[in-house]
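Good morning, everyone, and thank you for making time for this.

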Amino acid sequence: MASQSRLERVEITGSLLRVTDPDSAAPITVIRASDLRQRGVSTLAHALATVAASQSRLDLSDNVGNVSGGKAEIDLRGLGAAIGSGASRTLVLLDGRRLVNHPFDGAAVDLYGIPLAAVDRIEVLRDGASAIYGADAIGGVVNVVLRRDLSRQEVAVEAQGSTRGGGLVRRFSLAGGGQGGADAPGAEPAWQWMHALDLRDQQRLAANRRAASRTGVLLGDTDRLTSSTSFPGSINGYDPAYPDCAPPASVAGTQSFCQFDTAAFVDAIPANQQRLALFRAERRLDAQWMLSAEHLWSRQHVLANSGAAPAAHYLRSGTPFLSSLPAGFEGTVPDLYGPDPTVELPGGVVYWRELAAGPRIRSSTTYGARSLLGLRGELAGGWTIESGLGRASSRSSERVRRGYVDDGVIQQGVWDGLINPFGPQTVAGQQAIDAAQRDGEVQRGRASTDLVDVRVRGDLAQTRHGPIAAAFGAEHRRERLSFAVADLAAALPSLGLDPGADTQGARRVNAVHAEVQWPLSERLDLTTAVRVDRYSDIGSAFSPKAALRWRALPNWTLRGSVGTGFRPATLYDLHRPSALGFSADSHDDPVYCPGGTAAAGMSPGDAQNACGVQFQTRSVGPAANGQPLDSLAPERSRQFTLGSLWAPLPTLSVSLDYWHILLRNVIGALPDGAVFDDPTRYGARIVRCSQLPAGAGSGLRREDFPACLSSGIDAIAYVDLPTQNLGSLRTQGLDLGVQWLISRGPSGRWSARIEGTRVLGHRYQREPGGAFQDAVGVYGDDAPVFRWQHLASLNWAHEAWAVSWSQRYRSGYRDQVETRHVGADITHDLGVQWRWSETWLTTFTVRNVFDRDPPLSLQSRSFQAGYDPRFADPAGRMFGLQVSASF
């Protein structure tokens with residue numbers, strides 16, 4: 001025991017205690033920054049995408065056509081995957097403290113806001129930890145630990161590119177530090193500081209530059225992943241260009257319409273850049289006390305191309321581009337600009353693609369910051385104290401750049417016969433479209449968290465089996481969020497934004513927590529923890545946890561834990577503004593197209609609005625929907641783990657952990673598929689045109705929906721999908737880890753490692769008391785839950801050389817089209833390092849060595865087609881070269 005007491009105590013993620021043997025205390029994956037450099041990983045988001053326990057999405061590509069702010073998140077255990085509710089159940093910390101969530105949805109921390117150049121390691125706790133950290137730690141915790149040993153300056157330049165072009169990455173990083181003020185040689189310095197600068201740029205990768213993503217016409221199907229809103233346009237169900245159409249942009253579909261190949265005109269990876277900076281300084285006040293100050297700043301910018309906008313406008317007969325309609329396709333439209341708008345004129349609604357306006361270019365810019373003052377010191381009896389005071393903030397802005405045109409101006413030009421929806425524009429028509437171009441901010445969000453906390457740690461007592469270690473703490477936070485939509489959005493219907501949807505919210509959070517480790521015997525210890533959180537807007541949460549560790553043999557440890565967790569509705573959940581989107585898949589109107597067959601007597605134009613349509617959807621939180629905030633109950637979880645850590649040889653360790661999570665009151669939105677699967681039960685969710693007011697006014701109006709421009713049927717305007725408590729989710733699985741030092745001798749050091757996760761079950765309810773849906777190995781309502789994932793590596797190091805070969809594997813699953821199976825996603829990476837002097841280090845990497853395309857998927861959720869951009873990288877083989885110097 002005397003020798004053990006001299007071991008340095010360290011803090012590990014998932015506990016506030018300082019312990020001497022962290023290796024077997026909890027199921028933790030540790031990722032070293034040096035290993036990431038050797039694999040060519042240039043962002044924290046890419047680093048965490050390789051964690052086997054994560055079901056994360058590559059949300060940068062998801063910014064094409066969607067409002068995501070270009071963020072990236074991590075979703076441990078896939079608790080938000082199948083239901084499409086984001087990564088809000090994984091807590092991300094920076095040096096053990098919270099960051100602010102992204103303001104556009106308030107769900108999770110943006111991983112692009114942390115500079116990889118300043119990171120020492122990433123600790124991923126694969127267990128719930130609400131009893132330690134509070135809300136959001138249901139699926140686990142990611143703690144990014146910054147470097148503290150920087151006494152030299154490190155400069156690195158890096159480039160990654162493909163021989164097939166597109167997606168070029170360039171990066172520059174600088175990290176360094178210093179110290180001084182020591183009273184005598186060998187004494188502790190009086191002050192120390194470090195800084196880091198991380199600059200990264202990536203060029204766009206157009207979808208048409210890769211075979212896997214260049215078209216939505218897949219497996220001979222011209223309809224499903226293309227759009228019937230094409231160019232040349234159609235009117236009242238009559239398509240004058242069919243069947244010739246205008247290939248390759250539009251192709252002949254099977255329903256007598258030209259289909260527009262949207263996927264051929266969008267970005268697979270949008271142009272993006274990250275700018276990150278960090279500065280930290282520490283000042284020793286005396287032998288026991290240290291004062292620190294830290295500031296983190298980040299800027300993330302994304303420029304995304306989502307192709308030309310679809311449009312729907314009134315067109316009267318007799319214009320230069322439409323003299324009359326064939327028999328069977330006649331219709332009438334209101335006299336929009338006449339003295340009496342109730343007068344009907346011959347004509348119809350034309351659906352067309354605004355190609356002459358160019359592709360829609362939209363930018364997202366997010367600024368993040370965290371300022372923190374810290375004080376730590378020693379108290380009597382060997383106790384230590386640590387406190388912090390700071391603010392974390394994030395602000396994000398979305399702007400339209402090109403391809404977004406004022407809808408009122410275009411409607412006037414179509415009505416007057418100036419703009420041609422059926423063919424090439426005249427000089428005057430093109431000038432009218434160019435004049436209608438709009439450039440400006442359309443929405444912005446802000447989020448901030450003010451924080452003050454204090455923690456004390458020490459030993460309560462000594463027993464014959466060791467000290468009773470304890471930690472106590474208190475925390476206060478004030479959270480704020482605001483979201484505003486600019487008036488410009490009213491003129492741009494393809495954005496789906498409501499200018500009247502401005503919202504804001506604020507709340508206070510107070511918490512106290514305690515953790516105690518009880519040594520029950522020489523080989524057995526019990527750790528108990530409890531936390532109480534009080535939210536000013538929704539009430540209190542009590543979170544206990546107990547963890548047991550038994551060293552059954554000197555080389556074999558058994559560990560287990562049981563606890564509860566919670567996640568209150570975020571400020572965005574509660575105050576989410578009304579916004580319009582589109583259903584994830586195409587559906588049939590249960591009244592006018594039952595079973596996929598148009599009702600008798602319907603015109604072709606009306607059938608176009610009823611059969612095989614991606615209907616518009618509306619999302620909204622309780623505050624904006626006129627409901628009380630407490631109508632959205634917090635999520636509650638119960639979870640337990642049981643694991644084993646075995647070291648049969650000094651050079652070999654094997655870990656196996658079983659985990660189980662039960663989550664109740666899941667916060668999300670009913671999937672649109674559920675509404676159309678059971679329209680009798682969910683009929684009230686379908687809002688038809690007749691239910692909306694017409695004419696000028698606030699809120700959603702009949703004129704906001706293209707389907708309502710057709711007067712033949714009472715079409716579906718939108719499907720109402722507000723944020724609500726859905727039901728329960730139950731998931732369980734196994735984590736496997738093997739580390740093996742194969743040999744160490746004259747030929748070098750050989751080692752191998754594998755970390756894998758097998759999900760044994762993942763079932764969820766769409767509503768309280770509803771039937772459970774299986775999600776393992778199937779697409780689910782929004783995304784698949786992968787049954788097996790692993791990262792395996794083989795490493796060799798000798799003198800100035802180091803070589804790493806790694807394999808990333810994700811199992812296949814049943815596609816969104818249930819008759820298909822998506823193949824496994826398998827990629828291999830190579831990294832070679834050569835330290836050719838004490839100063840210089842060169843790293844050569846090859847990502848996706850065998851240049852494998854992403855597995856074919858017929859998902860229709862994203863603008864990209866042919867694969868799922870949320871999980872697979874379309875870039876192909878990428879060569880990288882980094883040169884760094886340390887001086």
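Predicted model: local features only at pLDDT ≥ 70, side-chain atom pairs only at ≥ 80, totals over all residues.

Let me begin with a pair of cysteines, Cys-689 and Cys-708, both of which are buried. As for where the two ends sit, Cys-689 and Cys-708 are both in the loop between E34 and strand E35 (716-720), 19 residues apart.

How many disulfides does a search of the whole structure find? The search gives 3, and we can now turn to another of them, between Cys-593 and Cys-611, where the sulfur atoms are 2.0 Å apart. Here the torsion about the S-S bond is about 115°, so the link of Cys-593 and Cys-611 is right-handed. Cys-593 lies in the loop between E29 and helix H8 (604-608), while Cys-611 lies in the loop between H8 and E30, so the pair ties together parts that are 18 residues apart in sequence. Is each of these cysteines buried or exposed? Cys-593 is buried, with a relative accessible area of 0%, whereas Cys-611 is partly exposed, at 22%; the cut-off for buried is under 20%.

The remaining pair I want to show you is Cys-245 and Cys-258, which form a disulfide with their sulfur atoms 2.1 Å apart. The angle about the S-S bond of Cys-245 and Cys-258 is -95°, and the link is left-handed. If we number the bonded cysteines of the chain in sequence order, the pairing reads 1-2, 3-4, 5-6.

Four strands, in the order E29-E30-E35-E34, form an open sheet with mixed pairing. Strand E29 (579-582) and strand E34 (686-688) stand at the edges, each with a single partner strand, so one side of each is left without a neighbour in the sheet. On average, and ignoring direction, neighbouring strands of this sheet are turned by 35° against each other. E29 and strand E30 (residues 616-619) run antiparallel and are joined by 4 bridges, and within this part Ala-579 stands opposite Ser-619 in E30.

Finally, let us step back to the whole chain, which has 9 helices and 46 strands. Its radius of gyration is 29 Å, close to the 29 Å that the globule rule gives for 887 residues, so the chain is as compact as a globular protein of that length. Along its principal axes, the C-alpha trace spans about 100 × 60 × 50 Å. Buried residues make up 57% of the 887 residues, and the chain exposes about 35,000 Å², of which carbon and sulfur atoms supply 56%.

Note on methods: Residues numbered from 1 in each chain as written. Heavy atoms only, no water. Pairing = 2+ DSSP bridges. Axes fitted to C-alpha atoms, helices over the stretch in contact; angles between N-to-C directions. Rg over C-alpha atoms; globule rule 2.2 N^0.38 Å. Buried < 20%, exposed > 50% of the residue type's maximum accessible area, 1.4 Å probe, protein only. Areas by Shrake-Rupley, 256 points an atom, 1.4 Å probe, with all protein chains shown as cover. Disulfide = S-S within 2.5 Å.
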